[in-house]
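Visitor: Could you take me through the pockets and the aromatic contacts of this model, one step at a time?

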Amino acid sequence: MSYLLIGNISALICDDCIEPLANARIRVYLPDIRYPDQQNSWAKGIFNDLRPLTAKDVLMKADRLLAEAPLDEWGNFSLSWEEVHLFTEPLELDLCLDVMPGKTGSHQPRNYHLSNVVLHWKRSSNGYLGAYAYVVPSASWNAICRDAGSWVITGTVRHYQRKEGQLHLKVQAYNAISGKMIGEAYTNEFGRYTIRFSRKDLYSGHLQPVRQGRTNMGPDVYFRIYNDDRLILSENENNAAVSERQDLPPCSCLNIEYKSSAVRRASAHINGWISDMISLTAGRRKKREQLRMAANYR
């Protein structure tokens with residue numbers, strides 16, 4: 001009899017934004033028979049909020065590995081194995097993050113213990129089918145991203161007179177400390193943008209600010225927004241002075257409102273100025289010609 005386990009693993013960036021753990025790996029192990037007393041807690045399906053595992057921890061239980069599978073871009077997985085245990089027995093689930101979402105931060109395997117749990121299996125003619133889903137709490141995910149040096153800023157872009165998010169806008173984030181752009185992204189159909197970058201990209205060539213209360217070592221940010229090539233929001237370093245824009249934690253949510261900009265493109269301004277000058281010059285030339293003809297007539 002075979003087993004098929006399907007599911008999804010994602011993480012909370014903030015209360016209203018979930019990101020799938022794309023390209024991660026899930027591992028399923030047989031229980032460790034050396035600690036039978038733990039089975040009472042396993043039966044309750046207790047989550048461990050991604051307890052870190054060392055390389056030695058992973059190696060020491062390699063002989064208990066049942067199956068391993070990657071997560072797709074949506075955080076979904078599917079893995080199977082042949083029957084080597086009772087369906088009422090607990091299983092041990094681990095997660096491996098080879099790279100962080102967006103491939104930011106330092107690239108190295110990070111292993112975490114997910115859960116010890118007795119799964120609910122549905123029997124069919126082909127075997128047993130089970131499902132498992134888990135969303136990493138925002139506090140845990142923030143700590144993991146900080147350890148990896150991986151940053152993500154997300155939020156919704158709205159016009160100040162409208163409630164719905166504005167789609168297909170280009171959002172650029174700048175670090176007020178260095179004055180350099182740290183990333184850009186386009187808003188989706190709900191007006192949400194997601195910008196990812198690494199800690200090592202923040203202060204290249206600049207001294208990292210160290211002052212009291214600055215615990216995240218994150219950027220102070222301001223934004224520029226474009227609709228196609230038209231600038232509709234142009235902030236500067238002063239906009240990064242508000243508290244929610246300073247020393248951003250690795251997982252940050254910043255919603256942006258903008259007003260219709262009166263800024264004209266430089267090319268349009270120059271073209272208009274040239275057109276005005278041509279009209280003014282032509283008018284003066286015509287007036288001088290009229291005065292000359294009048295003088296000749298006299």
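## Pocket and rings

Visitor: How much space lies in the second largest pocket?
Guide: The model is a predicted one. In the second largest pocket, the space comes to about 180 Å³.

Visitor: Which residues lie closest to the centre of the second largest pocket, and which strand gives the largest share of its lining?
Guide: The lining is made up of 13 residues, and the closest to the pocket centre are E19, P20, A22, E73 and R196. By class, the lining residues divide into seven nonpolar, two polar and four charged. The largest share, three residues, comes from strand β2 (residues 17–20).

Visitor: How are the rings of Y3 and Y128 arranged, and what is the angle between the planes?
Guide: The whole structure holds seven aromatic pairs. For Y3 and Y128 the centres are 5.0 Å apart and the planes stand at 25°; since planes under 30 degrees apart count as stacked, the pair formed by Y3 and Y128 is stacked, with an angle of 25°.

Visitor: Which parts of the chain does the pair of Y193 and F223 tie together?
Guide: The pair is edge-to-face, with 6.0 Å centre to centre and 70° between the planes. Y193 counts as buried because its relative accessibility is 0%, and F223 counts as buried at 0% as well. Y193 lies in strand β14 and F223 in strand β15, so the parts tied together, 30 residues apart in sequence, are strand β14 (residues 192–198) and strand β15 (residues 221–227).

Visitor: Which residue lies over the face of Y226?
Guide: Over the face of Y29, at 4.7 Å from the ring centre, lies K61. Over the face of Y226, at 5.1 Å from the ring centre, lies K170.

Technical notes: Residues numbered from 1 in each chain as written. Predicted model: local features only at pLDDT ≥ 70, side-chain atom pairs only at ≥ 80, totals over all residues. Heavy atoms only, no water. 1 Å grid on protein atoms, 1.4 Å probe; cavity = no way out; pocket = protein on both sides within 12 Å on 5 of 7 lines; lining within 4 Å. Points joined across faces, edges and corners; volume = space filled by probe spheres on them. Helix = DSSP H or I, 4+ residues; strand = E, 2+ residues; numbered from the N terminus. Nonpolar A, V, L, I, M, F, W, Y, C, P; charged D, E, K, R; others polar. Phe/Tyr/Trp six-rings, centres within 6.5 Å; stacked < 30°, edge-to-face > 60°. Buried < 20%, exposed > 50% of the residue type's maximum accessible area, 1.4 Å probe, protein only. Lys NZ or Arg CZ within 6 Å of the ring centre and 35° of its normal.
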